[in-house]
Amino acid sequence: MSPGREVILKLEDVSKVYAGTVAVKQANFEVRKGAVNVLVGENGAGKSTLMKIIAGVEQPTAGRILLEGEEVSFSSSGDAVARGIGMVFQELNLFGNMTVAENIFATREITNRLGKIDRKEQEKRASEFLDRLEAGIRPDMLVEDLRIGQQQLVEIAKAVSLDAKILIMDEPTSALSAAEVEILFKVIADLKARGVAIVYISHRLEELIRIGDTVTVLRDGRITGQEEMRRVDTQWIVRQMIGSDAKDFAKADGHQPGEEIFRAEEICLPRVTGGLAVDHVSLSLRAGEILGIYGLMGAGRSELFDCIMGRHGHASGKIFIAGKQVKERDTTRRIQRGLALIPEDRQREGLVSILSVASNLTLASLSRFVSLFHIRGGAERQAVVQMVRELAIKVADPAQEVSSLSGGNQQKVVIGKALLTEPKVLLMDEPSRGIDVGAKADVFRTMRKLSRDGLGILFATSDLDEVMALSDRIAVMSNGRLTGMFDRAEATEAAIVAASALGHGPAHGEQR
Amino acid sequence: MTDIPAKAAAPSASSGSALLTLMKLRTFIALIAVLVFFSIAAPNFLSAANLILMAKHVALNAFLAMGMTFVIITGGIDLSVGSIVGLCGMVAGYLVLNGIDLQIGYTVYFNVFEIIVITLLVGIAIGAVNGLLITRLNVAPFIATLGVLYVARGFALLSSDGRTFPNLVGKPELGTTGFGFLGAGRLLGLPVSIWILIVVALGAAYLARYTPLGRHIFAVGGNERAARISGVRVNMVKMFVYMFSGFCAAIVGLIISSELMASHPATGESFELNAIAAAVLGGTSMSGGRGTIGGTIVGAFVIGILSDGLVMMGVSSFWQMVIKGLVIIVAVVVDQAQRRLQQRVTLMQMARVG
C-alpha cells in the first residue's frame, strides 16, 4: 500500500455540461496502478459522468485526459477499450436477446479463418470467466432470462475479459447478494495483484473502506477530497460528501396521521422468467403519513408502484382508497380515483421532453381546464403559474421546453404534474435521484407539506439516510416480498439493512 | 460532437439564434421562393384562373397531408390513404349508379348527401381497422397500413372488376343527381373543395392547439410511456388519428370522382407518398411529437406549386420527379441542422449561466 504507486491515468480540469446541468466542474482525478481507486459522492454528484468520460462514452466539454503521461481523447468507448480501459456500467449495457457468451464477446467476436463466429470457442472462454464468478451462469443462457444480479455479474465478466489496464466499476454491487459481493471482492483482489488499476464507485461506505486504497469524493460535480484510504474514516468521507451543511431533510412537524386512506392487499406480479416480481405484498397507508419503502435494486419497489397504478394487466391483488375498492384497472381511471405516480426514470416515464414546461405540468389534469372540448387557456396558465411558484420551479417562461431545465427542476415539474391531478395518494419512486442538493431539500420540504395537508405518501428509495429521516413508517422489500415493517421510533439501520438482504442468496436464485 | 470551448463560441450565439429563426421559417421562405420564381419564369402563372386551378390540385394533397400529420406526430405512419381514396371513390360511384340491392327485389338509392356521409363513414371505418391493428394487435404502423393499402386497393378493383364507373350524373327520378357539386361547384367565387379544405384545416388546427385530444396527440408522439403514466388513453388517441386520416382520404376520394364525374379504381396510387412529403416539408418530425397543420398546408402548397409550375414551364415530368425528391431531402437536412443548432445554442446559454 505504498503511496508511491504509479499514476496511470490523470484528469486535469475536466468539465462536462449537459443540456440542463453542469455535471462535472473542473475535476482533477488520478488513478493508480494495482490499487482500488474509490470514488464516492451522493446521487447526482457526477460520479457516473466522470467515469463515462474516462471510458470514452462521453466527451468532456473542457479539460485534458492523460493516459500514462500522454494526452488522449476518446471519441467512443471503442477508443477507450483499445487503450485498455474497460467499464462495468451501472445501467446494464447488455443485449437481452443474445446469449451470455455472445454478450461477453460482443464487437470482438472470435472467428475462424472464414470469418464465421466460433461459438464453441467463445463459450469455452466465456465459461472460464464465469467460473471465476461462481454464479452458476452458463455461457449459452440468454441474458434476458437471468436475474438482475446475475446480469450484473455477466457485465463484470465482460469487463474482466477485456484484459483492461484500467477497470471502472460503477456500483457493481447494487444488485448483488452478500455472497455474490464476496466473490466479486475476490475477483477484484486478483485483478489488483495483476497490476490492474480499478476505479470503484459505490454508495456503501463499509464496502469502500474494506476494499479501497485511495478515496476521492465528489460533491455537486466538484472534487472535494482525495486521500489514502488508510488515513481516513467514515466520518471524513461523509463530511466531504455532504459538505458542512448536513442533508436538509426538513423536520417532521409532529402532526398525527389520520384515517386509513390507502390499502393494498396481496399484490402479485408474475415475472416473465417465472417467479414473482411482486410477491403477495399488502400494506396500508394513513392520510398524512409518509411510508418509506426501502430496498435494493430489483427488490420490486418500482414494480409494486406499477401494479398500484394499473400499468400491468396481469397483476393481481386488490387496492382500496379511503376504504372503497378501486376496481378500475387502467391508469387513466386510477388517476381519476386519486392515485398519482412520480416515476423513477424522469426522462423515459416522467416527461415529454419536447413539450413545454406548461404542457407537461397540465398533461395529466387537462380535463380540469376544459369546458366541453375547449382548453381554457387562462385557467390553464393560472394553474401553471401557481404550481411553478408553489414548487419553486426555476423557469423563465413556462413555454420553454422542459428539456432545457436542470434535473432538479425537471423533477419538480413531474411532481407538479402529479399534484395538479389532486391526488389522495402519491407514489414517489426515488424522488431525489439525480438532482442537486438544493432541489432535494425542496422536494423533501414539499413531501412534508403535502403530508401535513393530508396526502398519503408512499415513497421508494435505496438511500438509507433518506428513508430514516423522512418516513413515519418504513417498509422493507427484498426479492419482491415485504420483509420488514418498522415504526420510525423502533427502526434501526441494522435492522433495515438485514431485512433488505433477506432471500437474496444465490441458493434462492437457483431454485427459481 | 464538437468540443468548442464555451468562451470562443459565446459571440456566435446571437448570430446562431438569428440563423435559427431563419431556419424555422424555411417552409414559408420556400413557398415565397417558388411563387416568385414561377411568376417570373412561367407566363400566366399569376392569373386568377391558374391560381385557383393550382389550389384545387394542392387541396387534394393537403387533405391527405393533414391526416398524415396527426398520424406522424403520434409516431406512426399511414400508407393506406391512397388506397382509401380509390376505394371511397368507388363506393361513391357505385352508390350513385347502382344503389344498394337489398336482395329481396328492392334496391335502395341514396341522395347525394347520404352518399357523401356513407362514403366518409367507409373512410373512417378503414382508418379504424388500421387503428385496431396497431393498438390491439400490436402490428407496427408501417406493416398494418401497408397491408390495408393492398386490401383496400384490391376491393376497389373488385368492386367494378377493374372497370371505371362512368358518367355519375345520377337520375332525377331516383334523387341521385348533383354529385358534381363537390368537384365543380363554386361558392363566392371559390371552388367548393377549397372551402372544404379551409373548414377542415381550421378544425384540425383548432383540435391540435386547443383541445385535450390535440395535446394528447403530441404527448403520445413525444413520449408514449410518459403519456400513458400521465393517464392519457394512448390507444384511443391512436385510433383517432388513423380514423381522421381515413376521413381525410374519403374526402379526397369524393372530390376526385366528383370532379371527373367518374370513379376509377386505380385513383390515388402513390398519393400517400405525396402526403408524407408535404407533412415532412412542413416540419413534421418522422420520429413523432413535432408538427403543425399550418406547416403541412404550406408544405403541400410548395410541392403542388412546384409541380404545376414546372409543368407550365414545360419541364419534363421525369425531371420534375428528380426536383421534387431533392426538395424533400434538402428540407429534412435543414430540419436536422436546425435541431443541432438549437441544441448548441441552448447548451452555450447554459454554459454561460454556469
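Modeller: Let's begin with a helix pair: Ile84(B), Cys88(B), Val91(B), Ala92(B), Leu95(B) and Val96(B) in α5(B) meet Ile115(B), Ile118(B), Thr119(B), Val122(B), Gly123(B) and Ile126(B) in α6(B). By class, that contact has 10 nonpolar, two polar and no charged residues. This is a predicted model: local features need pLDDT of at least 70, side-chain atom pairs count only at pLDDT 80 or more, and totals for chains, interfaces and linings use all residues. Residues are numbered from 1 along each chain as its sequence is written, with chains lettered from A and ligands numbered from 1 in written order.

Colleague: What makes two residues count as being in contact?

Modeller: Their C-beta atoms, placed from the backbone, must lie within 7 Å. As for the classes, Ala, Val, Leu, Ile, Met, Phe, Trp, Tyr, Cys and Pro are nonpolar, Asp, Glu, Lys and Arg are charged, and the others, Gly among them, are polar.

Colleague: How do you know what counts as a helix or a strand?

Modeller: Both are DSSP runs numbered from the N terminus: H or I over at least four residues for helices, E over at least two for strands. Chain A has 18 helices and 22 strands.

Colleague: What makes β16 and β22 of chain A edge strands?

Modeller: Six strands form an open sheet in the order β16-β19-β20-β13-β21-β22 (chain A), with mixed pairing. β16 (339-342) and β22 (481-487) each have a single partner strand, so one side of each is left without a neighbour in the sheet. Neighbouring strands are turned by 20° against each other on average, direction ignored.

Colleague: How do you know that β21(A) and β22(A) are paired?

Modeller: Six bridges join strand β21 (residues 473-478) of chain A to β22(A), running antiparallel, and pairing takes at least two DSSP bridges. Met477(A) stands opposite Leu482(A) in β22(A).

Colleague: How many bridges join β14(A) and β15(A)?

Modeller: Two, in the antiparallel sense, with Phe320(A) opposite Gln325(A).

Colleague: What do β4(A) and β5(A) form?

Modeller: A hairpin with two residues between the strands, where Glu68(A) in the turn has a positive phi of about 50°. Three bridges join β4(A) to β5(A) (residues 70-72), and Leu66(A) has Glu71(A) as its bridge partner.

Colleague: What makes the radius of gyration of chain A agree with a compact globule?

Modeller: With 512 residues, such a globule would be near 24 Å, and chain A has 24 Å, so the two agree. The radius is taken over C-alpha atoms, and the globule rule is 2.2 Å times the number of residues to the power 0.38.

Colleague: How many residues of chain B are in contact with chain A?

Modeller: 27 residues of chain B, meeting 30 of chain A. α10 (212-222), α11 (224-229) and α15 (317-353) of chain B each supply at least two residues of that side.

Notes:
Axes are lines fitted to C-alpha atoms, for helices over the stretch in contact, and angles run from 0 to 180 degrees between N-to-C directions.
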